[in-house]
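I begin with the terms and then go through what I looked up.

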Amino acid sequence: MKYTCLETALAEIDSEDRFFQLLPGRVDPLLMRSVARIGVVEPIHLQLRPAMRAGEEPLAPHYRPVTGFRRLQAAAAAGLSHIPAMILPGDWDDLQVYRWLVQLKAALRPFSPLEASHAIAVLSGAFSLGMEEILRAWFPLMGLAPNPKLFGLYAPLRLLEPELQAALAADELGIETAGTLAAAEPAERLAFWHLNKTLRLGKNRQREFWLLLSDIARMKATTLPGLLEEPACMSLFDEQALTPSQKADRFKSLLMQWRYPEYSATLARFEELLRAAKLPPELHLRPTPWFAGETYTIDLSFSTPAEYTARLETLQEMLARGLVDQLTELT
């Protein structure tokens with residue numbers, strides 16, 4: 001494979017042509033400063049634009065960028081007139097250039113979910129390739145398993161707003177939650193992300209809260225933004241004395257009351273009875289999950305016969321006070 005290396009005038013490069021850019025460009029301050037001081041050191045790769053028919057004026061600018069979009073942006077900001085570039089073979093069509101680009105990037109590391117999403121959009125859109133061919137021929141080139149589930153998960157991610165894409169790239173947004181958000185309305189995902197920043201949810205809780213909010217919004221026949229604007233939510237979010245973690249716990253409790261009112265009422269009554277029983281730390285009483293069964297489980301710990309007797313006396317006192325009868329009524 002032969003490349004042509006030359007100093008290329010920025011005026012001959014179509015910096016607006018982003019066809020081969022795998023991810024939307026982001027300003028890199030460090031790169032900007034470096035290029036302003038010492039120029040572009042590593043050459044970018046360019047594709048010669050298709051030749052015009054005989055007698056017609058040649059296309060200007062003459063080149064499409066293939067790699068080095070941030071370096072190109074930094075060079076323009078620094079006022080450079082020329083940068084080093086490698087010109088790809090002129091007989092390569094767009095699909096050959098794209099294959100070379102994918103292999104070049106994947107040689108360093110597998111494609112990220114966002115990179116895969118943008119690649120899927122180009123392959124299925126501009127090149128009209130079907131899912132089976134992309135999975136069979138292109139996912140391995142990206143360093144990805146040819147799994148249809150991955151295709152379905154990654155494909156819509158490019159629809160996310162830049163802020164959400166940045167959060168996904170920084171591992172602040174869970175991939176499954178990101179895929180679900182990409183299928184939602186823009187107003188809903190932005191409202192949810194604002195909530196996420198307010199409560200500082202971890203990736204596991206993001207999915208939990210999204211599912212609860214989506215279910216409740218359907219039950220109440222409202223939108224997710226409308227749900228979050230209800231007075232009970234707004235007053236909780238505005239509470240200055242609570243930490244984000246405390247707000248998250250109280251907000252989840254509120255959501256559970258809305259989503260599962262009967263279960264929430266039963267759980268509240270169970271916790272009330274436990275407080276009345278005043279069980280010591282060495283005694284643990286728990287129901288079946290979601291109070292689905294009719295049994296309770298008691299765990300107790302002791303190190304002496306006297307402690308064992310004390311635990312039994314506590315349980316007998318619960319029975320004498322009618323607390324056990326009240327517990328059994330819950331199930």
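I call a residue buried when its relative accessible area is under 20%, exposed when it is over 50%, and partly exposed in between, with a 1.4 Å probe and protein chains only. The model is a predicted one, in which local features need pLDDT of at least 70 and side-chain atom pairs count only at pLDDT 80 or more, while totals for chains, interfaces and linings use all residues. Residues are numbered from 1 along each chain as its sequence is written, and side-chain values use heavy atoms, with hydrogens and water left out.

Entry on helix H3. I took helices (H or I, at least four residues) and strands (E, at least two) as DSSP runs, numbered from the N terminus. The expected span of a helix is 1.5 Å times one less than its number of residues, so the 13 residues of H3 (94-106) should span 18 Å, and the end C-alpha atoms, 18 Å apart, agree with that. I looked up which residues of H3 are buried and found Val97, Tyr98, Trp100, Leu101, Val102 and Ala106. Counting a contact as heavy atoms within 4.5 Å, I noted that the cover over these buried residues includes strand S2 (44-48), helix H4 (113-125) and helix H5 (131-138).

Entry on salt bridges. I counted a salt bridge where a side-chain nitrogen of Lys or Arg is within 4 Å of a carboxyl oxygen of Asp or Glu, and by this rule there are 15 salt bridges.

I looked at the pair of arginine 64 and aspartate 17, whose side chains form a salt bridge at 2.8 Å, N to O. Arginine 64 belongs to strand S3 (63-65) and aspartate 17 to the loop between strand S1 (4-9) and helix H1 (29-38), so this pair ties together parts that are 47 residues apart in sequence. I found both arginine 64 and aspartate 17 buried.

I then turned to glutamate 163 and lysine 197, which also meet in a salt bridge at 2.8 Å, N to O. This pair links distant parts of the chain, with glutamate 163 in helix H7 (162-169) and lysine 197 in helix H9 (186-199), 34 residues apart. Glutamate 163 is partly exposed at 38% relative accessible area, and lysine 197 is partly exposed at 45%.

My next pair was arginine 218 and aspartate 215, with closest N and O atoms 2.4 Å apart. Both lie in helix H10 (203-219), three residues apart, or about one turn of the helix. Arginine 218 counts as exposed because its relative accessibility is 58%, whereas aspartate 215, at 22%, is partly exposed.
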